[in-house]
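Student: I have a model open and would like to go through it bit by bit. Can you help me read it?

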Amino acid sequence: SMAAWDLSVKVEDLGPDAPPVTISVASDLHVGGVILKLVEKTQMQRNWSDHALWWDQKQRWLLRTAWTLEKYGIHADARLLFMPQHKPLKLGLPSGKTVMLKACFSNPVFQTVMGICRMLNIRHPEELSLLRPVEEKKKKKDKDLTEEIYDLTEVPLSSGTPTTFSRPCLYNGMPAHFADSEQMEGVYKMLSVTQPPPAPEVIAKQYRPASVVDKSHIHGRWLDSSRCLMQQGIQENDRLWLRFKYYSFYDIEPKYDVVRLTQLYEQARWAILLEDIDCTEEEMMLFGALQYHINKVALSEPQMMSSNAALDDLESALQSLEVKMEGDSSSASDLLENMTAPELNDYLKIFRPKRLTLKGYKQYWFKFQDTSISYFKSKEESIGEPIQQINLKGCEVAPDVNVAAQKFLIRLLIPAPEGMNEVYLRCENEQQYAQWMAGCRLASKGKSLADSSFQSEIQSIRSFLAMQKTNSGSSNNSAASDESINTHSLVSPRYHKKYKPKQLTPRILDAYQNVAQLSLTDALMRFLQIWQALPDFGLSYVVVRFKGSRKDEVLGIAPNRLIRIDLGVGDVVKTWRYNNMKQWNVNWDIKQMAIEFEGNVNIAFGCVTADCKIVHEFIGGYIFMSTRSREKSDTLNEELFHKLTGGHEAL
Amino acid sequence: MDDIDAMFSDLLGEMDLLTQSLGQETEPPEPLPSTRQEINFSVGFTGLNASLHDLEDNDLDALMADLVADLSETEKKLEAEIQGLNAPPSSSSDLPPPPKGLGVQPASSITSPPSPGNNRSSSVTTPSSSTSSPLPPPQSSKPTMEEIEAQMKADKIKLALEKLKEAKVKKLVVKVVMNDGSSKTLMVDERQTVREVLDNLFEKTHCDCNVDWSLCETNHELQLERTFEDHENLVEPLLAWTRDSENKVLFQERKDKFEVFKNPQNFYLWKKDKKTLKDMKDKDKELLVQENFCGTSIIVPDLEGVLHLKEDGKKSWKQRLFQLRASGIYYVPKGKTKSSRDLICFVQFDNVNVYYGKDVKNRYKAPTDFCFVLKHPQIQKESQYIKYLCCDDAWTMNLWVTGIRIAKYGASLHENFKTAERKAAVSAAVWTNRSTPSSSSPSTPSPTIRAKTATQANGHAPKPQPGPPHQFHAADLNMSSWWKSSINSLHRSPPSLASKPPLSNFPPPPLSMDGLPPPPPPPPMDNFSEDPPNINKSLPPPPPNPEFLPPPPPDPVFVASGAPPPPPPPPPPAAVSAPRPAAQQKKMPPAPPKRTTPTLQGGGGGGGDFMSELMSAMRKR
């Protein structure tokens with residue numbers, strides 16, 4: 001009945017140079033009919049199910065196939081493109097590795113991220129999002145280096161468990177699509193195992209924000225989660241970063257969160273290494289020690305993570321039962337085995353710096369037993385009463401070692417009612433030092449030499465000594481194997497300038513003693529905890545102009561509050577908590593946000609370094625995060641998220 | 001009296017053994033100050049004798065009941081352990097001739113009667129086991145094999161004995177000064193936590209058991225004071241006291257102990273004005289506790305300020321800008337910014353405790369009397385290693401001390417609070433049920449033997465334990481109902497997004513959300529039903545509201561006291577393993593335990609003194 005007219009559609013599958021396909025349509029033809037005609041006209045045999053029409057002028061997809069051309073308002077002048085909704089995308093992961101996968105270009109980015117996380121096996125995708133990468137400073141010689149790209153484009157689009165994220169089905173410890181081939185297993189390993197410490201030059205090469213303003217520019221790069229990739233100018237094969245955006249990590253369950261935990265650790269590690277978040281020197285050394293430990297444990301038990309995940313409930317139940325039974329049956333003999341109370345006996349030199357004697361180091365026969373050391377004039381007299389016995393429980397132990405100079409000193413600070421007594425023990429060689437140092441460290445924590453950790457303590461002291469040795473020839477510093485990590489790989493570039501690797505070694509070792517016994521998962525969790533306890537944790541910055549103010553200021557957005565930072569001083573001048581928030585409004589025309597808090601507190605600001613949609617989304621997103629509760633963690637209330645973050649797109 | 005004496009001679013032997021481990025610590029001939037020279041058997045007395053004479057009659061009875069109960073318990077434990085070792089220390093004859101190493105073997109004296117049914121698993125002499133033995137050694141050809149085995153076994157037995165001796169427990173007689181100035185005497189064993197001792201004192205005193213009751217230590221010489229944390233073991237810090245010290249243990253109500261859980265805003269939002277802090281709603285307080293204590297990481301209050309520092313060993317005081325972090329206290333060096341990387345570490349918390357300092361203006365010419373002190377718990381006398389910090393007012397001092405405790409003890413503090421709350425609730429219930437409190441605590445609860453709590457944290461905030469899900473209900477309820485309400489109101493008055501000013505507008509939450517849910521929680525559907533049923537005409541469907549509401553807490557009694565705790569533990573039962581004779585009446589000494597095992601011969605350790613004094617004290621009656 002309606003007049004027929006010609007509609008030209010460019011079909012991507014025909015190639016970039018092919019002319020548009022023209023079909024005859026009427027305005028009451030629905031989109032599904034258009035697609036059918038197009039497909040017939042091309043005469044190509046393929047699966048078209050993922051294809052849809054993209055209207056270039058209006059920058060929108062025509063996804064409602066039942067709508068007519070008239071309803072969409074499409075006329076003969078419309079530039080239409082017929083193409084797949086899923087396209088390859090290069091995705092930079094928090095670990096710095098890149099995967100190539102097919103992402104959805106037609107749904108809101110929020111759903112695209114859900115799909116990506118499903119494929120990568122990351123639970124709680126609402127905490128992540130995509131952002132445009134910071135361009136790396138490319139040097140000429142780097143151009144030759146082609147980075148390794150892990151290809152996931154062959155994964156069927158429907159892979160992964162839909163909607164429920166709590167208990168993904170695992171095969172061999174991996175989601176099904178990773179268990180298909182060896183190559184895919186390799187990808188999963190990359191995702192789920194922490195990367196070795198990066199070479200110091202690699203750290204130095206990365207972009208480091210120097211100020212809070214620099215950091216705020218990074219946050220201007222987040223994509224809008226209510227709009228699709230196509231609408232945001234993202235092209236096929238473009239590169240984007242996948243990052244944790246909301247610092248509110250819900251319900252971390254190491255068994256199911258192998259990839260999530262690993263990538264979260266990687267993001268935290270890089271935040272520390274690139275000084276995206278500030279910490280003190282002591283904290284940096286502890287982070288360094290944890291990285292060293294995590295790398296070491298990950299190397300020694302690489303199967304741990306995956307097999308951990310591999311265990312389904314039955315398996316793990318069986319295993320723990322086994323352990324329990326083992327424990328029960330052998331406890332008595334274990335007890336006996338442990339009772340060969342070990343001791344150390346050797347000639348060492350002792351010095352007490354605080355005593356006003358001019359005597360230097362004096363040699364005695366030393367005996368280390370339980371948590372005490374005693375010394376005697378000589379080995380022969382060691383059957384009798386010792387000259388002195390020192391209980392090391394609660395004391396402080398510090399190393400003073402220079403391998404090149406063959407100096408192996410143990411500095412002890414021993415508490416007593418009158419204060420602390422300083423005692424130095426001098427060892428002859430590495431071997432002796434490692435043993436006595438390990439003993440002192442355990443004893444300071446009230447553990448005897450019989451403790452199971454004694455041997456591993458010796459081992460770690462020795463490997464740190466080895467590091468000092470290899471680092472003394474400082475030039476060879478590519479990221480390295482277990483025994484010879486360059487300590488510059490573990491700290492931010494600031495400390496590369498401040499300390500030589502061999503100066504860092506004892507400091508990191510010192511921090512290491514508190515974490516050396518942690519399992520891989522515990523060490524990862526500890527790293528995250530210390531990160532989360534930093535004062536600036538969870539802050540995303542935006543430069544804003546407060547209403548009535550003449551200068552730029554910085555708004556910090558945290559999981560539970562907003563803060564106002566004076567750029568001149570760098571001080572937090574004001575804090576507002578979300579739970580006191582009554583309402584917030586966005587005026588999209590003048591790009592201004594207005595927030596009302598309880599007690600008649602009103603603030604309004606315009607956003608300088610980020611679109612105000614980004615700020616709006618951050619605030620709404622955090623409020624969404626706080627509504628999650630354990631009972632409903634199985635399903636993601638997408639609609640609520642959209643409502644809280646969507647702005648005018650939401651309705 | 002003869003009965004008592006007979007019982008005592010029995011007891012004495014046992015006690016000797018029990019306390020042996022104390023006396024056995026080797027004393028160096030030229031004692032280092034760092035070496036523990038003497039072990040105190042009593043704390044808070046001029047001497048042991050005084051401590052015993054000081055005991056009230058019923059206390060002495062109670063103490064005896066404790067001792068007897070502990071003995072039988074220890075005995076049972078030993079017995080069990082020995083049987084578990086599969087190597088009964090009996091000298092029965094199916095063993096190859098005991099090698100020389102066995103000469104020491106006092107094992108038969110330990111307690112356990114030789115158990116005849118106990119087969120030695122590796123013994124080659126029993127035919128039954130030789131069949132299963134994978135490698136039956138030809139006995140004639142290799143006699144040494146057997147000897148080696150026997151020797152090994154003997155060594156193991158010897159070691160097992162050593163281990164058992166080690167397993168014995170240190171005990172202290174502690175005099176606790178009550179808040180009315182009177183005192184009570186308690187026997188405390190080294191495994192007991194402060195919480196357990198408090199519970200013990202609750203039974204003895206009929207106090208109201210509120211959460212503020214605390215044990216404090218004072219250091220007389222240094223004029224310091226600190227509240228023990230409930231999860232700490234009591235004996236350990238007391239052992240650091242010097243023999244002649246006039247330190248005291250006080251039983252007091254300390255408001256500051258758990259104030260951070262009652263009014264978290266005063267610590268976490270201390271920069272806000274006084275009125276805001278005072279008017280803080282309960283739901284906001286709960287949210288603060290949840291944010292800072294129930295997440296993956298414990299968050300330390302954000303403290304920063306100028307404090308006066310007494311310089312190491314000097315008499316002068318110097319001002320510095322200090323900052324508290326989870327990893328320690330830092331200060332800003334002269335001429336530097338406050339940026340984290342420039343901060344200098346002043347102290348980390350692994351090896352120090354925090355104390356309140358008294359009378360510092362007088363003693364050290366301090367600028368104010370609001371002083372807190374950081375020192376190693378072993379330090380008991382004036383030393384340059386003690387760090388004194390002065391604040392401008394009492395509140396600031398309180399802020400810092402609490403902040404340091406959070407950084408040092410982390411999640412344990414919150415656990416302690418929840419336990420104390422449960423205890424208070426149970427006691428309150430018991431009180432209302434009790435007709436007359438005149439029965440004057442019929443039985444002295446003996447220390448419940450418990451493994452050291454895993455929550456004992458030292459240093460940085462320890463790993464949080466993933467709490468049971470219901471732990472979060474109260475706070476969740478608040479947060480979600482808040483959102484529910486604003487979203488509901490959103491539906492009632494849809495923002496005119498289609499109209500000109502494109503605003504997304506979230507109307508305020510209704511004011512009805514103030515305050516805690518009342519003890520019996522409102523039926524969950526109440527709030528929901530406020531919604532007009534026809535709201536989703538023009539809007540997408542509302543969020544599934546019913547899901548926002550967690551199921552009502554299991555036990556309404558606890559709702560009022562914050563996050564609903566798990567059901568209360570039953571009131572401390574009489575020890576599970578060992579039925580202990582209750583000291584029923586004043587004049588009735590505890591019945592001597594039925595003993596089938598040979599009694600011990602006194603080992604002559606350091607316990608001798610103690611026991612004879614104890615005995616003479618008993619005789620005196």
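Student: How many helices and strands are there in chain A?
Tutor: Chain A has 17 helices and 26 strands. Helices (H or I, at least four residues) and strands (E, at least two) are DSSP runs, numbered from the N terminus. This is a predicted model, where local features need pLDDT of at least 70, side-chain atom pairs count only at pLDDT 80 or more, and totals for chains, interfaces and linings use all residues. Residues are numbered from 1 along each chain as its sequence is written, chains are lettered from A and ligands numbered from 1 in the order in which they are written, and side-chain values use heavy atoms, with hydrogens and water left out.

Student: And which counts go with chain B?
Tutor: Chain B has 18 helices and 13 strands.

Student: What domains is chain A divided into?
Tutor: They are domain 1 (5-84), domain 2 (87-135 + 145-279), domain 3 (280-301 + 488-528), domain 4 (344-449) and domain 5 (540-646). The bounds come from an automatic or database domain assignment. The C-alpha centres of domain 1 and domain 4 of chain A lie 83 Å apart.

Student: Next, helices. How do H8(A) and H15(A) cross?
Tutor: The axes of H8(A), residues 281-300, and H15(A), residues 520-532, come within 9 Å and cross at roughly 160 degrees. Axes are lines fitted to C-alpha atoms, for helices over the stretch in contact, and angles run from 0 to 180 degrees between N-to-C directions. The two helices are therefore roughly antiparallel, a label for angles over 145 degrees.

Student: Which residues make that contact?
Tutor: Among them are A:Leu290, A:Ile294 and A:Val297 of H8(A), and A:Leu524, A:Phe527 and A:Trp531 of H15(A). Contact means heavy atoms within 4.5 Å.

Student: Switching to chain B: is B:Gln319 buried or exposed?
Tutor: B:Gln319 is exposed, with a relative accessible area of 53%. This residue lies in strand E8 of chain B, residues 317-325.

Student: What does B:Gln319 contact, leaving aside neighbours within four places in sequence?
Tutor: B:Gln319 is then in contact with B:Val306, B:Leu307 and B:His308. B:Leu309 is 10 residues from B:Gln319 in sequence and 6.1 Å away in space, C-alpha to C-alpha.

Conventions
Parallel < 35°, antiparallel > 145°, perpendicular 65-115°, else oblique. Buried < 20%, exposed > 50% of the residue type's maximum accessible area, 1.4 Å probe, protein only.
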